[in-house]
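Reader: I am new to this structure and would like to work through its charged side chains with you, one question at a time.

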Amino acid sequence: MAELGKAGNPPNPAAVLREPSRLAAVDAVRAVDELTTDAFARSVGLAVRLLDTRMALISLAGADRQFIRGGIGRAVPRHGEQERVDWGFCSEVVESGRPLVIDDVRNDSARRSDLAVAATGMRAYLGVPLLLEELSIGALYVIDTRPRVWDTEQRCALEQLGASVMSEIRLRLDAAEHGRLYEQAAAAAVVEHRRSQQLQDLARSSLRINAAPSLEYALQTVTEEARSLVGTHQSVTSMTTNLRWAQAINAVSLSDKYGEYRFFDAPPVGEGIYVLVCKENRPMRMTQDELEAHPAWRGFGSYAAVHPPMRGWLAVPLIATDGRNLGLIQLSDKKDGSDFTADDEAILVQLSQLASASIEKAAALENQYEIARTLQSSLLPQQLPEHSAVSAASRYLPAAPRAGVGGDWFDVIGLSGARVALVVGDVVGHGIHAAAAMGRLRTAVRTLADVDPTPEELLTRLDDLVSRQCAESGVDDGADPAGGGAVDVGTTCLYAVYDPVTGRCSLASAGHPAPVIVAPDGSADFLDLPSGPPLGVGGVPFETVEMEVPEGCLLAFYTDGLVESRQRDLEAGMEELREALTEPCDSLEALCDHVVKTLLPDPPTDDAALLLVRPHGLDETRVVTWDIAAEPAEVARIRARTARLLAAWGLEEIGFVTELVVSELVTNAIRYGQPPIQMRLIYDRTIICEVSDASSTAPHLHQARIFDEGGRGLMLVARLTQRWGTRHARDGKTIWCEQALPAEGLPVEGLPMEGLLAEGLLLDDLLPPDAQQ
C-alpha cells in the first residue's frame, strides 16, 4: 500500500508539479539527454536484476506530461515518448517526494483504473523519487505482473539506486555546465579578440586617416578602412557642404566581387534615404527588404540597370565638431552573408567620429592651402619678363596640402643700364603666413633694387628689415609671428646682378645654397660663393663676389626644397642637380622639366623653386663711352657726337629728342657734379643714356617757377623719356634714362612742345647751348 504523506495539510499537487525551480531542473536534465541516456538505461537494467522484475522505468515529470528516459519491458513506453503526467503513478511520487509502494493494485480501488495498469498488466509497483538539489524531478519505478510484498530492503535498494543515478546525473550536469561555461568563455574570448582586433584596426585606421596628405586621400582612406573593419564588399563615403549634394565628394571602395562596377559613377541627387541620414544625423541599419520597404528609399532611378546591387545597408553620418553634417559612410553586402549587427554599427560609429575630425581638419587645411597657394601664385611672377640680357625659365612646385604652401620665391628684375637682377629666396615656415611674408620680401627686394644698391648692400638692408619685423612681432619673446605676418629669422636669399655690357655678374648670399654654373662645354659646378648668415641674424656682414660669365653659360638658382627631402640629404640632392643640369636639352623650358622630373618624381614635402638663366652679352658696337671735360662748351660737342652715333645706328628719327636729353644730363653734370665726368650710350631694347660724375649728391625733380632761369632739366628728361633714375657707386653717382626706339616711341614731329611751354619750360631749355649763346 502507499505510504502516507507528512502530518498536516497535504501539498497541492498542481503547485508542486508547476513549481518553476523544479521545472527548470527537469529542463536542465532534458537538455543534456545525450549525456544521461546511458546512465538512465544502466539504472533501469540494474533495477530489473536487483528486484527480479520484468519492467522498470525512469520518467521525468513536467507540468502536465512526463518524459520517458529509460525503460525495460515490452509494455513500457519507448524512450522519449511523452505520456500524461499521472500515467504510472509518476505524478504521485513527484508530488509527495517519497517512495510509492503497491503490493497489489487490484486491492486499491483508486489506482487500479490507471491506464498504466491496463497497458502493462501491472499488479505490483514500487517507485522512488529522483531528487536533484532536493527537487523531485521524476521517478524510478519497477513493475511486476504478479502481486508481491515489497520489503524494506528492496525499497532501500531502489532508493539507493535512484540516488546513485542522480549522483551520476549531477556529475553529467556539472560537466555539461562546465562545457557550456567553457564554450561561453571561448565564444566571449573570440568576441573579445575580435573587438580587440577591431580596436587595434580602428587605431591603425585613425593613424592612416590623420596621415592622409589631402582631403581626397582622407576620404578614400576612410572608405577603405570602413569596408575592412566591418568586412563588407561595398563602401561609399560622401562628403557634402551644407547638404549640397551637387557638390558632394564621393569615395568608393569595392571588393573583387564587384570588380565590374569599379568605374561606375552616379552623382548623388540630394534626395532619398541617404539625405535622411545626413539631415537627422543618426545611424541607420536595415536588411535589404527593410531598406526597399522604407518610405525614404528612392531606388536607383535611371541607373537601376547598371548600379551595383545592394545586400543590406548600414550608414552612419559624419558630424563636425559644431554639429554640422559633413556627409556619411555607407556599407553594403557583408562578406559572411549575414545582416549588419549592432556591433557593426558601433564600430562604424567610432570610425565616423574619428574620421569626422580628420576630414574636418583636412578640409580646413586644404582650404587654407588653396588660399595660401593662390596667394603664393599671385605674388610670384606670372611669366618672366623678357630681357635682352638673359633668357630665363622657371618652375615652382608647391608642397603637398598636408605640409602647406611655403615661402619660396624667385624674380627677374630689370635694372638700369640693361642690367638684370636675379633673385631667389626661401621664407621659413608654411601656409598663409609664409606666403604673405614671401610677398613682403619680394616687394622689399623690388623696392630696394630700384635704388640700385650692390648685392651686399641690398641684403644688408633686407636683413635690417627682417630683424625689425621680428622685433616688432615679438618673435624674440617667444610670440607666434604668424599673427603679424612677420618674416621669420632663418629666411634665406640670394641676389645677383648681371651686366651684359661687361659680361660680369655680382652675387651675394644670405644663407642660400650656391647657384650652379654650366659651362658652354656642358660641365657643371657650384659657384664658390660665401654663404653668409640667413636674414634676421644681424651683426654679420655680407660679401659680394664678382665673376665673369662667358657667353653660352647657364646659371641655375634654386631653393632647398628641390634638392633636400626625407629620403635624400642636401649634398646628395645638390649632386643630382648638378648632374641633371648637364643633360643636353633643346630649350631652357625642357631643361626645367628634366630637372624637376629627375629630382622630384613624387609630390614634394616642401616648396621647390628653380630659375634657369642664360646670360647674353651686349654687342660691343652698341655701347659707346665718352669722357667729358668739365667745360660748358663740351655740351655742343657731345650733342654732335650723339647725332652722328644715332645716324650710324639708324636712329635719326629720335635724334632731336636724344640730343635734348643728352644736353640736359651733361649740362647738369658739368654745373653741379664733380669730375671725372663720363657718358655712356647703350643701344638695347631702348636707348639708354648714362652720365656719371664723382659727386655723391643726388638730383631731385621739382617744379620750377615761371621766371626761374634753371631747374627744368630733369623735368624735361622725365617728360621725354620712359624711365629715369639715379644709382650710386662707391665714387660718385650715375644719372640714367631710357628712351623708346622709334617703332615704340613718339615721332619727333609729335612732341608736345606747346604743353612743355605751357608747363613753364622756357624756350632756351629746348635750344642747343650754342644757339643760346
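This is a predicted model: local features need pLDDT of at least 70, side-chain atom pairs count only at pLDDT 80 or more; totals for chains, interfaces and linings use all residues.

Reader: Is Lys334 buried or exposed?

Author: The cut-off for a buried residue is a relative accessible area under 20%. Lys334 has a relative accessibility of 7%, so Lys334 counts as buried.

Reader: Which residue forms a salt bridge with Lys334, and what is the relative accessible area of that partner?

Author: The closest N and O atoms of the pair are 2.7 Å apart, and the partner of Lys334 is Asp344. The two residues link distant parts of the chain, with Lys334 in strand S11 (residues 325-334) and Asp344 in helix H10 (residues 342-379). Asp344 is also buried, and its relative accessible area is 0%.

Reader: Which helices does the salt bridge between Arg208 and Glu224 tie together?

Author: In this pair the closest N and O atoms are 3.7 Å apart, and a salt bridge requires them to be within 4 Å. Arg208 is partly exposed at 32% relative accessibility, and Glu224 is partly exposed with a relative accessible area of 32%. Since Arg208 and Glu224 are 16 residues apart in sequence and lie in separate helices, the pair ties together H6 (residues 152-210) and H7 (residues 215-230).

Reader: Which residues are linked in a network of salt bridges with Arg208 and Glu224?

Author: Salt bridges by this rule come to 37 in count. In the network that holds Arg208 and Glu224, the other linked residues are Asp201, Arg204 and Glu225.

Conventions: Residues are numbered from 1 along each chain as its sequence is written. Side-chain values use heavy atoms; hydrogens and water are left out. A salt bridge is a side-chain nitrogen of Lys or Arg within 4 Å of a carboxyl oxygen of Asp or Glu. Helices (H or I, at least four residues) and strands (E, at least two) are DSSP runs, numbered from the N terminus. Buried means under 20% relative accessible area, exposed over 50%, partly exposed in between (1.4 Å probe, protein chains only).
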